[in-house]
Amino acid sequence: MPELSLELPARCTSLFEGKNILVQVPTLRTLQVTAKTAFIFILPQYNISVPTADGELVHYCYGLKDLVTILFYIFIAIILHAVVQDYALDKISRRFHLSKVKHSKFNESGQLVAFHLTSMIWCLYVIVTEGYFSNPRSLWENYPHVYLPFQVKFFYLCQLSYWLHALPELYFQKVRKEEIPRQLQYICLYLVHIAGAYLLNLTRLGLILLLLQYVAEFLFHMARLVYFTDENNEKLFNAWAVVFVVTRLFTLTLSVLVIAFGLAREDNQTFEPEKGNFNTLLLRMGVLLVVCLFQTWMMWRFIHFQLRRWREYWNEQSARKRAAASATIAKQQSKPLKRESGYHENGVVKAENGTSPRTKKLKSP
């Protein structure tokens, strides 16, 4: 194979004492092509240098190449899913000898607890470091937020990858047919909301809404895990009920504040998809309507769930009372009757000395 002598730049020759380095040309070209291809899969694309007072910052926007990155992280999510299942959940479920129905729900909640906990910590870190908590006006000021910091874009790509990987996991985990519609429902809802915030450049608002949602979901699935191990322990369900209602109120309030009031005051009120601007009255009302409908649907399901729990609780209490009452009646019936003093002879009670306990009537003269 032919070899080519490549001389190093002047600043590097002193390190090698002026010697030349022999590099194989086909190998060098292969490495360059492989590296460029690998970067498309691993790192976010469409980076742009934005000048600032301190220098330049690298920001990112979205495009079709994001689908390649999402595909790569779908495979990573499948691998991590299998690791959590094999090394944690299967060992715990074997210890508690769960039934098939409980085993399926235990695996679902266990996977979601790990994901929600990781996403909560990551999302909170991004929000704090980007200053969205300290400056709430940044949620709508200078819209559209086309240029994203690296950690914001990478967070959204990983979120989309996880919920897309959940679709083939329905087959890999051999989920029961009656459970598939329910799981498809919430997977599609997550994908619609995350992709909508990403494509409509509402990523800042989407981060906070995701944080609120994941806090409530984390508590719910933790309560399910505790309930499967101890059916008498329902304290976490009560804590989840309070957090769920509070997060719904915060979600609706923040959505109305940002979409209906904040974006409505921005000067740029035109529809310009090429610039990433979707700040029109029709689109704002459409997004707000979707958020409100979703929160209303979740509240309706929550109320239905609580009513079912209370109904089961009162049925259980009434069954226990009926069982206690029947046990008391059975004990009373099983007690022996007290016999009168003496004994019976031909249906007549005789005294112990053989005389009748009845007083004899004296014949009248």
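Reader: Which residues touch the most other members of the largest nonpolar core?

Author: Keep in mind that this is a predicted model. The largest nonpolar core has 50 residues, and those touching the most other members are Tyr-156, Trp-163, Leu-207 and Tyr-214. At least two residues of this core come from each of α3 (66-96), α4 (100-130), α5, α6 (180-199), α7 (203-229) and α8 (235-262).

Reader: Which helix gives the largest share of this core?

Author: That is α7, with ten residues.

Reader: Why does Phe-150 count as partly exposed?

Author: A residue is partly exposed when its relative accessible area falls between the buried limit, under 20%, and the exposed limit, over 50%. Phe-150 has 36% relative accessibility, so it belongs to that class. Arg-137 is also partly exposed, because its relative accessibility is 49%.

Reader: Where is Arg-137?

Author: Arg-137 lies in the loop between α4 and α5. Sequence distance and distance in space should be read separately. Arg-137 and Val-258 are 121 residues apart in sequence, while their C-alpha atoms are 8.6 Å apart.

Reader: How do β3 and β4 run, and how many bridges join them?

Author: In a regular strand, side chains alternate between the two faces of the sheet. Here, strand β3 (residues 47-52) and strand β4 (residues 55-60) run antiparallel and are joined by six bridges. Pro-51 has Glu-56 in β4 as its bridge partner.

Reader: Where does UniProt place the feature "transmembrane region"?

Author: The unreviewed UniProt entry puts this feature at residues 70-89, 110-134, 207-227, 239-261 and 281-303. A record's label can be set beside the model. Take residues 207-227: the chain there is 100% helix and 0% strand, with its end C-alpha atoms 30 Å apart.

Reader: What does the chain look like over residues 281-303?

Author: That stretch, residues 281-303, is 100% helix and 0% strand, and its end C-alpha atoms are 33 Å apart.

Notes
Residues are numbered from 1 along each chain as its sequence is written. This is a predicted model: local features need pLDDT of at least 70, side-chain atom pairs count only at pLDDT 80 or more; totals for chains, interfaces and linings use all residues. Side-chain values use heavy atoms; hydrogens and water are left out. Buried means under 20% relative accessible area, exposed over 50%, partly exposed in between (1.4 Å probe, protein chains only). UniProt positions are given in the numbering used here, feature names are shortened, and annotations may be inferred rather than shown by experiment. Helices (H or I, at least four residues) and strands (E, at least two) are DSSP runs, numbered from the N terminus. Two strands pair if DSSP finds at least two bridges between them. A nonpolar core is a set of buried Ala, Val, Leu, Ile, Met, Phe, Trp, Tyr and Cys residues joined through side-chain atoms within 4.5 Å.
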